[in-house]
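Please look over the sequence and the model shown here before reading on. The report is arranged by topic.

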Amino acid sequence: MPKLDLAQIPFKGGSSYPGQLAEAVVGRSNQRIGDAAGLTQYGVNIVRLEPGGLSSLRHYHLKQDEFLMMVSGSCTLIDDQGEHEMLPGDCAAFPAGEANGHHLKNNTDAPASFLVVGTRTPTETAYYSDMDMMVKSDANGSRFTRKDGSPLTADQIGDET
């Protein structure tokens with residue numbers, strides 16, 4: 001199956017962020033083209049951001065490289081060095097272990113999309129630059145905690161319970 005029919009691969013929304021933090025990425029959907037092709041060593045996704053949408057909370061990975069290329073529309077890359085306009089063909093790379101929290105935001109009134117390629121590792125830890133949160137992922141799933149490993153509080157995740 002060398003040639004993929006992108007029209008047959010659905011875009012899916014949703015988030016694994018806990019509590020109301022998931023609301024930050026409501027305008028994001030992913031087309032998991034690497035999974036559809038059976039790739040196992042790295043992930044390949046097309047991410048679509050609706051106007052006002054965020055790709056993620058600002059984060060960085062300890063073990064996984066990330067590379068992205070804008071496909072359509074315009075987004076703002078926000079990282080530790082500031083804000084950078086991203087247009088079709090523009091690329092950005094985030095080497096594993098480089099503590100440069102990043103995400104994309106669509107500040108326009110039209111949808112935008114980008115291709116993202118990233119390493120797949122059996123375990124991973126990512127840190128969130130703008131809040132006291134980290135995520136550890138393994139074969140059993142993902143666990144969000146504070147950066148010191150203690151549980152997140154209801155205040156941190158916006159839960160009222």
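This is a predicted model: local features need pLDDT of at least 70, side-chain atom pairs count only at pLDDT 80 or more; totals for chains, interfaces and linings use all residues.

Another open sheet has 3 strands in the order 7-6-9, with antiparallel pairing. Here strand 7 (82-86) and strand 9 (103-105) are the edge strands, each pairing on one side only, and neighbouring strands are turned by 30° against each other on average, direction ignored. Strand 6 (residues 75-79) pairs with strand 7 in the antiparallel sense over 5 bridges, and the bridge partner of Ile 78 in strand 7 is Glu 83.

## The largest pocket

The largest pocket has a volume of about 1300 Å³, and of the 46 residues that line this pocket, the closest to its centre are Arg 32, Asn 45, His 61, Gln 64 and Glu 66. Strand 10 (residues 112-119) gives the largest share of the lining, 5 residues. By residue class, the lining of the largest pocket divides into 16 nonpolar, 21 polar and 9 charged residues.

## Salt bridges

Side chains of opposite charge can pair when their charged atoms come close. In this model the count comes to 6 salt bridges. One of them joins the side chains of Arg 58 and Asp 130 at 2.9 Å, N to O, and this pair links distant parts of the chain, 72 residues apart, with Arg 58 in the loop between strand 3 (42-49) and strand 4 (59-61) and Asp 130 in the loop between strand 11 (124-128) and strand 12 (133-138). Arg 58 is buried, with a relative accessible area of 13%, whereas Asp 130 is exposed at 56%. Arg 58, Asp 80 and Asp 130 are linked in a network of salt bridges.

The side chains of Arg 146 and Asp 132 also meet in a salt bridge, at 2.9 Å from N to O. Arg 146 lies in the loop between strand 13 (141-145) and helix 2 (154-157) and Asp 132 in the loop between strand 11 and strand 12, so this pair ties together parts that are 14 residues apart in sequence. Arg 146 is partly exposed at 28% relative accessibility, and Asp 132 is partly exposed at 28%.

Terms used:
Residues are numbered from 1 along each chain as its sequence is written. Side-chain values use heavy atoms; hydrogens and water are left out. On a 1 Å grid over the protein atoms alone, a cavity is a set of points where a 1.4 Å probe fits but cannot get out, and a pocket is an open set with protein on both sides within 12 Å along at least five of seven lines; lining residues have an atom within 4 Å of a point. Grid points are joined across faces, edges and corners, and a volume is the space filled by probe spheres set on the points. Helices (H or I, at least four residues) and strands (E, at least two) are DSSP runs, numbered from the N terminus. Ala, Val, Leu, Ile, Met, Phe, Trp, Tyr, Cys and Pro count as nonpolar, Asp, Glu, Lys and Arg as charged, and the others, Gly among them, as polar. Two strands pair if DSSP finds at least two bridges between them. Axes are lines fitted to C-alpha atoms, for helices over the stretch in contact, and angles run from 0 to 180 degrees between N-to-C directions. A salt bridge is a side-chain nitrogen of Lys or Arg within 4 Å of a carboxyl oxygen of Asp or Glu. Buried means under 20% relative accessible area, exposed over 50%, partly exposed in between (1.4 Å probe, protein chains only).
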